Amino acid sequence: GKAVSLGSLYKGVSANLLKEMPSSALYLGIYESLKGQLLAPTSPIAGNPLLVYLIAGAVGEGAGSVVRAPAEVMKTRVQAGLAGSTAEAFTQLASDPALRSATVTSWSTSILRDVPFGAIQIAVFEGLKIIIVQSPDVNFDTNTLLSEAVLGAAGGFVGSLFSAPADVVVTRLVTQAE
């Protein structure tokens, strides 16, 4: 097989940062804000925290996906060797109507992956915390970094189980024009 250098493992890292940082900021910012509003005593669903987490997670992830879609196309193009840099991938995306159309198509498909994932991941995370805190027989401090990581991993695991098929479809759509 072909030797892999450490540098090649980071090919497209700037595009990946462009993909993840703004979309994660939108996701978590909107999630926390909407969660607070939906858990307020005046909210008709305040008594159903799981539903609140699912709705807030889905809305936050939907907003984040608007930023993530074009950045995902750029990242994929750099990592696949179809563009030499993030800037070149951006230029390709901006100047190629077919690529822009494919981006919109992949975004519409990625919503089927990202929105359920974001909703499920955060709902499992928050739900497990509630169950643990309310269980007198469980001796588990939910406020440590390790426990947050374990609960986050559990949420990511469950979310991934539901979103893996859509992820395969998104990857195929992003690369089909090549």
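A search of the whole structure finds 8 salt bridges, a salt bridge being a side-chain nitrogen of Lys or Arg within 4 Å of a carboxyl oxygen of Asp or Glu. The structure is a predicted model, in which local features need pLDDT of at least 70 and side-chain atom pairs count only at pLDDT 80 or more, while totals for chains, interfaces and linings use all residues. Residues are numbered from 1 along each chain as its sequence is written, and side-chain values use heavy atoms, with hydrogens and water left out.

The protein has an average pLDDT of 89, and 97% of the residues score at least 70; pLDDT is the predictor's confidence in each residue, from 0 to 100. Confidence is lowest in helix α1 (residues 6-9), with a mean of 76, and highest in helix α4 (residues 86-95), at 93. Helices are DSSP runs (H or I, at least four residues), numbered from the N terminus.

Among the salt bridges is a network that links Glu 61, Arg 68, Glu 72, Arg 113 and Asp 114. Within it, the side chains of Glu 61 and Arg 68 meet at 2.6 Å, N to O, and those of Asp 114 and Arg 68 at 3.2 Å, N to O. Because Asp 114 lies in helix α5 and Arg 68 in helix α3, the latter pair ties together parts that are 46 residues apart in sequence. Glu 61 and Arg 68 are both buried, where buried means under 20% relative accessible area, exposed over 50% and partly exposed in between (1.4 Å probe, protein chains only). Asp 114 is likewise buried, with a relative accessible area of 8%.

Helix α3 (residues 49-79) and helix α5 (residues 97-134) pack at an angle of about 145°, with axes 6 Å apart. Axes are lines fitted to C-alpha atoms, for helices over the stretch in contact, and angles run from 0 to 180 degrees between N-to-C directions. By class, this contact of α3 with α5 has 18 nonpolar, 7 polar and 7 charged residues.

Helix α2 (residues 13-39) has its axis within 7 Å of that of α3, and the two cross at roughly 160°. They are therefore roughly antiparallel, a term for angles over 145 degrees.

Inside helix α2, Lys 35 and Glu 32 lie 3 residues apart, about one turn of the helix. Their side chains form a salt bridge (3.4 Å, N to O). Lys 35 counts as buried at 15% relative accessibility, whereas Glu 32 is partly exposed at 43%.

Methods
Ala, Val, Leu, Ile, Met, Phe, Trp, Tyr, Cys and Pro count as nonpolar, Asp, Glu, Lys and Arg as charged, and the others, Gly among them, as polar. Angles under 35 degrees count as roughly parallel, over 145 as roughly antiparallel, 65 to 115 as roughly perpendicular and the rest as oblique.
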